[in-house]
Each structure stands twice: as structure tokens, then as C-alpha cells.
Amino acid sequence: QVQLVESGGGLVQPGGSLRLSCAASGEIFRINVMGWYRQALGKQRELVAAITRGSSTNYAETVKGRFSISADNAKNTVYLQMNSLKPDDTAVYYCNAQFRAGGLEYSSWGQGTQVTVSS
């Protein structure tokens, strides 16, 4: 019902910046919240940032002040601007959409994009 495609990952030096994009398609009108999660090797997937339909945002403490989530509704795309990147930010980043259909809540995931922060 909702499909997500991420792009924008890559290799960057510490202190550098990257912008991730997540393009949504399908029944976009059902989406209530979109977010970015990440999973580092050997660790659990964790929430990085999220944005609601009403444009409220929240961030993990570890990225506050460095990352920024935004949405371009005309393009059905959510962005994650990542600045002052650290080696600890290295992970596969996943886009997520939470939506409601038939009275039930669903969650859709993108395929993930690798972000590597290394000198």
C-alpha cells in the first residue's frame, strides 16, 4: 500500500555531511508518520528522526543538533540532512512509514542505504 525508496548514502569523512532521500509512492494519503531508522553492525535498529503529517519532529538524543528531517509534500519525499557526521553514525539507514488502513496500523520499510563515516 505504501512503497519507499531511499537514496543518498555513501562514504563520507568525519565532520562531513550527507543528505538521504526517501521517496514514497502508493497510498500516501494514509501515512501518519515518516521516519528514519538506522542499524549498525551487531546492534539493534534504532529511531533516528521522525516527522508527522502535521510536521512535528523528534530526534534521537545522539543526533540532535546535527541531523534534520524534513518533508517535501509536492515530491512525496522525506529527507534526512546529516551534518557533523561521526564514525558512530555508520549504519544502514532505513526509511519507515506508518499508515492506517482498514482501522489497523501498518508499517512500511525501504530497502536501506549504507552510510559509512570514515577517514
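The protein chain of this predicted model has 0 helices and 11 strands, where helices (H or I, at least four residues) and strands (E, at least two) are DSSP runs numbered from the N terminus. From the N terminus on, its elements therefore read β-β-β-β-β-β-β-β-β-β-β. The radius of gyration, taken over C-alpha atoms, is 14 Å, close to the 14 Å that the globule rule (2.2 Å times the number of residues to the power 0.38) gives for 119 residues, so the chain is as compact as a globular protein of that length. Along its principal axes, the C-alpha trace spans about 50 × 30 × 25 Å.

Residues are numbered from 1 along each chain as its sequence is written, and side-chain values use heavy atoms, with hydrogens and water left out. Local features need pLDDT of at least 70 and side-chain atom pairs count only at pLDDT 80 or more, whereas totals for chains, interfaces and linings use all residues.

Strands of a sheet pair through backbone hydrogen bonds, either parallel or antiparallel. Here an open sheet of 4 strands has the order S1-S3-S8-S7 with antiparallel pairing, two strands being counted as paired if DSSP finds at least two bridges between them. Strand S1 (2–7) and strand S7 (67–72) stand at the edges, each with a single partner strand, so one side of each is left without a neighbour in the sheet. Within the sheet, strand S3 (residues 18–26) and strand S8 (residues 77–82) pair in the antiparallel sense over 6 bridges, and Arg19 stands opposite Gln81 in S8.

Turning to the interior, 39% of the 119 residues of the protein chain count as buried, that is, under 20% relative accessible area with a 1.4 Å probe, protein chains only. A nonpolar core is a set of buried Ala, Val, Leu, Ile, Met, Phe, Trp, Tyr and Cys residues joined through side-chain atoms within 4.5 Å; of the 28 residues in the largest one, Met34, Trp36, Leu80, Met82 and Tyr93 touch the most other members. At least two residues of this core are supplied by each of S1, S3, strand S4 (31–39), strand S5 (46–52), S7, S8, strand S9 (91–101) and strand S11 (113–117), and the largest share, 5 residues, comes from S9.

Leaving aside its neighbours within four places in sequence, Leu80 is in contact (heavy atoms within 4.5 Å) with residues including Leu18, Leu20, Trp36, Val48, Phe67, Ile69 and Tyr93. Among contacts in the protein chain between residues at least 6 apart in sequence, 54% join residues at least 24 apart.

Key. Buried < 20%, exposed > 50% of the residue type's maximum accessible area, 1.4 Å probe, protein only.
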